[in-house]
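Colleague: I am new to reading protein models. Could you walk me through one, feature by feature?

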Amino acid sequence: MSVSVKANATEPGYKWGGLALILSALAIVTALVFEYIGYAPCQLCLQQRYAYYAGVPLLFIALVLLSADERKWAGVLFFLVSIGFLANAGLGAYHAGAEWGYWPGPSTCSGGGGLAPLDLGAGLANTAPVIPCDQAAIRILGLSFAGWNVIASLIIHICGLKAAAVSINKS
């Protein structure tokens with residue numbers, strides 16, 4: 001059994017899907033670098049990473065499917081990833097709104113930044129730092145990490161939609 005490669009890198013589906021993959025990988029690597037240099041993520045920050053953790057491999061698989069001339073399945077994956085990033089933009093907007101004080105953040109990680117007890121199931125109390133979700137760790141050009149995530153997620157969403165549209169329309 002052999003797989004023929006019919007698509008090429010100049011095809012619009014490749015361009016849009018490849019751009020979505022590069023932007024996704026760049027965004028998650030940037031988040032991990034900021035964490036490494038000392039900006040601890042809150043619970044909402046960690047949840048916003050799920051779209052990237054799922055999106056990067058799925059976008060890669062979609063590009064492989066596109067190269068194998070499986071345009072329909074590639075288009076489906078591009079579309080699913082784009083919907084995931086649209087939802088991620090919504091989560092980022094919620095997070096950014098909590099940081100700006102427009103609405104309260106989740107009670108599990110808002111305010112104070114103190115210690116919260118964890119139930120270990122054995123009746124023992126342990127304490128772990130709670131990173132506040134309603135306070136931006138840093139603002140770059142006026143936007144917090146959550147705000148930048150909204151922008152990145154919307155751009156990746158658009159790239160994924162375009163990749164899906166051109167992939168499915170050529171099948």
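Modeller: Let's begin with His95, which lies in helix α4, residues 71–100 (helices, H or I of at least four residues, and strands, E of at least two, are DSSP runs numbered from the N terminus). This is a predicted model, where local features need pLDDT of at least 70 and side-chain atom pairs pLDDT 80 or more, while totals for chains, interfaces and linings use all residues. Residues are numbered from 1 along each chain as its sequence is written, and side-chain values use heavy atoms, leaving out hydrogens and water.

Colleague: Is His95 buried or exposed?

Modeller: Buried means under 20% relative accessible area, exposed over 50%, and partly exposed in between, using a 1.4 Å probe and protein chains only. His95 has 1%, so it is buried.

Colleague: And which residues does His95 touch?

Modeller: A contact means heavy atoms within 4.5 Å. Leaving aside residues up to four places away in sequence, His95 touches Cys42, Leu44, Cys45, Gln48, Cys133 and Ala146.

Colleague: Why does Ile83 count as partly exposed?

Modeller: Ile83 also sits in helix α4. Its relative accessibility is 37%, so Ile83 counts as partly exposed.

Colleague: How many helices and strands does the chain have?

Modeller: The chain has five helices and two strands. Starting at the N terminus, their order is α-α-α-α-β-β-α.

Colleague: What share of the chain is buried?

Modeller: Of its 171 residues, 34% are buried. As for contacts with a separation of 6 or more, 70% join residues 24 or more positions apart.
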